[in-house]
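Subject: Structure handover

Hello,

Here is the structure for your files, with notes on what turned up in it. Please read the notes alongside the model.

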Amino acid sequence: QRRKTIIGIVLAVFFLTGCGGEFSGFSRERTASGEAVSGGAVKPVGKDRSENYSYCNEQNLYYVENGTEILTEHNRQSGEEHRLPVKGIRDICYVDEDWVYYVTCSSDGEQSEDHIWRAPVRKEKQWKLDETAAELILERNRRASWAPIYWCNGSYIVYQEPEGEGSTLKLYNIRKKQYEPGGDLGSGFLYVEELFGESVIITCDRGLVEKKLGSDTINLIRGDEERSRIIYTASDVLNNELFWMEWEGNEKNDALWRYRLEDGKKEKLFDLAQIRQLLKGWGVLEDCECETSAGHEIHLSNLLIRGDHLYAQFLILGGHDVPECRNMIVISKKRDGSSEWEWEKEINEYLHNPEADQKLFEKITESGTECESIYRSRGSVVMMAGDICLMYLEHTGEKKNQFASYDFQTGTFKWLTKQDWQWWLPYYVSGRGLNTYVDSVHVPNNFEME
């Protein structure tokens, strides 16, 4: 039950000053299944479009407005919002049917004081949060320059703390009101990758490991010699699965792996050599000067999970000695292994940039650099939620970039309006609509730079 996917291993510690921004929600996003998004969410009940919000229970959505000390409670049925001033609030840790867990922070410049609270949800009062009955769960002092991410699952609070030349894993049992041993994880820096119901996944001196909560058991997933090769992690907390991409260096044959927490089994789902053969068989790499000169580079852009399917999105880059082409495509397979990787026909049709618009274009990057490319796609998939695929595309007729959705059940495509946007809280930025910083890189225009 955590948030969406990001590329690269997410460092769970940031060297910041004071309290500002250190509990940013985007700092720990992970891939979610079709039932709930990653973050601190619980599996919602019901089938309406809000079932995939970052923090929710059966009745309400919860988020902290950016740059404010306001915790907002949004009723999923009526749309009514209850704005609660909470002094020093920085982030929500976790939400379930009974409680909302959140972090407050105060700082004097040298030292910071963190408090983790939980406030009850009053079902007898239309499921409203009772902030006046908030309970202090954990209080700790820390250096202002060391701001941890607090992970919570309702039973444990997990974070890392500096020690010597590295850091240690801290496991706080909420019910017992005491810390439990983190185990022998080496003396260097460690990073929390994901918190599951009964385990925490970390990278440390020993490699990529699973530490069982309430137990001394530590399972080695990948050894230390392979740790630096892990370039991507994603997870599905509801189904107890971890995914990671391994870099194969100059061989350029990165591989995607899956680890099942229930039985400790791991398997390779694909490597890029296999993907290249599939793309050639589908004709994706044909009719392009890049293929006949320097060939194409293929990179996993995103791994998305929806119900019983896995979706892999690839960025395909052409050679640099000819006009470089850029293409974004999606393939899928059943997660139980009963099918092979297949071409996602409908999604790829919406991603495709019409032939008439595939012209050499100078893209201005955030740093101001101009890169000449031919865009064979007009955007990318940014997330899956329930039966909806959310995309960020160039809306050619309107001469702007816009979010759009594809409904797998009805087969319908829809351009999303600003009113629709608020339903996608993983991309919500208070007062400024949706966050398109990353997604705008893949559209064939400079609309957002002009």
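Tryptophan 127 is buried, at 14% relative accessible area; buried means under 20%, exposed over 50% and partly exposed in between, with a 1.4 Å probe and protein chains only. The model is a predicted one, so local features need pLDDT of at least 70 and side-chain atom pairs count only at pLDDT 80 or more, while totals for chains, interfaces and linings use all residues. Residues are numbered from 1 along each chain as its sequence is written, and side-chain values use heavy atoms, with hydrogens and water left out.

Two residues with positive phi

Most residues other than glycine have a negative phi. Tryptophan 127 is not a glycine, yet its phi is positive, about 60°. Tryptophan 127 sits in the loop between β7 (111–122) and β8 (128–129). Strands here are DSSP runs of E with at least two residues, helices are runs of H or I with at least four, and both are numbered from the N terminus.

Lysine 177 also has a positive phi of about 60° without being a glycine. Its loop is the one between β13 (166–173) and β14 (178–180). Lysine 177 counts as exposed because its relative accessible area is 65%.

The β11 to β14 sheet

Strands of a sheet pair through backbone hydrogen bonds, either parallel or antiparallel. In this model two strands are taken as paired if DSSP finds at least two bridges between them. Four strands form an open sheet in the order β11-β12-β13-β14, with antiparallel pairing. β11 (151–152) and β14 are its edge strands, each pairing on one side only. β11 is joined to β12 (residues 156–163) by two bridges and runs antiparallel to that strand. Tryptophan 151 is opposite valine 158 of β12.

The β29 to β32 sheet

A second open sheet of four strands has the order β29-β30-β31-β32, again with antiparallel pairing. β29 (379–385) and β32 (412–415) each have a single partner strand, so one side of each has no neighbour in the sheet. From one strand to the next the twist averages 25°; axes are lines fitted to C-alpha atoms (for helices, over the stretch in contact), and angles run from 0 to 180 degrees between N-to-C directions. Strand β31 (residues 400–407) and β32 run antiparallel and are joined by four bridges. Tyrosine 406 has phenylalanine 413 in β32 as its bridge partner.

β2 and β3 form a hairpin with five residues between them, and glycine 67 in the turn has a positive phi of about 75°. Five bridges pair β2 with β3 (residues 70–75) in the antiparallel sense. Leucine 61 has histidine 74 in β3 as its bridge partner. β2 is covered on both faces: Asn60, Tyr62 and Val64 are buried on one side, and Leu61 and Tyr63 on the other.

Tyrosine 55 is in the loop between β1 (13–14) and β2 (60–64). With a relative accessible area of 3%, tyrosine 55 is buried. Tyrosine 94 is 39 residues away along the chain, but the two C-alpha atoms are separated by 6.9 Å.

Helix α2

Leu272, Ile275 and Leu279 are buried in helix α2 (residues 272–281). These three cover an arc of only 55° around the axis, which puts them on the same side of α2; the arc is that of the directions from the helix axis to the C-beta atoms. Gln277 and Gly281, on the other side of α2, are exposed.

Threonine 365

Threonine 365 is in the loop between β27 (360–364) and β28 (370–375). Its relative accessibility of 26% makes threonine 365 partly exposed. Threonine 365 and asparagine 446 are 81 residues apart in sequence and 8.6 Å apart in space, C-alpha to C-alpha.

Cavities

A cavity is a set of points, on a 1 Å grid over the protein atoms alone, where a 1.4 Å probe fits but cannot get out; lining residues have an atom within 4 Å of a point. There are four cavities of 30 Å³ or more. The second largest cavity holds about 40 Å³ of space, a volume being the space filled by probe spheres set on the points. Residues lining the second largest cavity include Cys288, His296, Cys325 and Arg376.

Regards

Note on methods: 1 Å grid on protein atoms, 1.4 Å probe; cavity = no way out; pocket = protein on both sides within 12 Å on 5 of 7 lines; lining within 4 Å.
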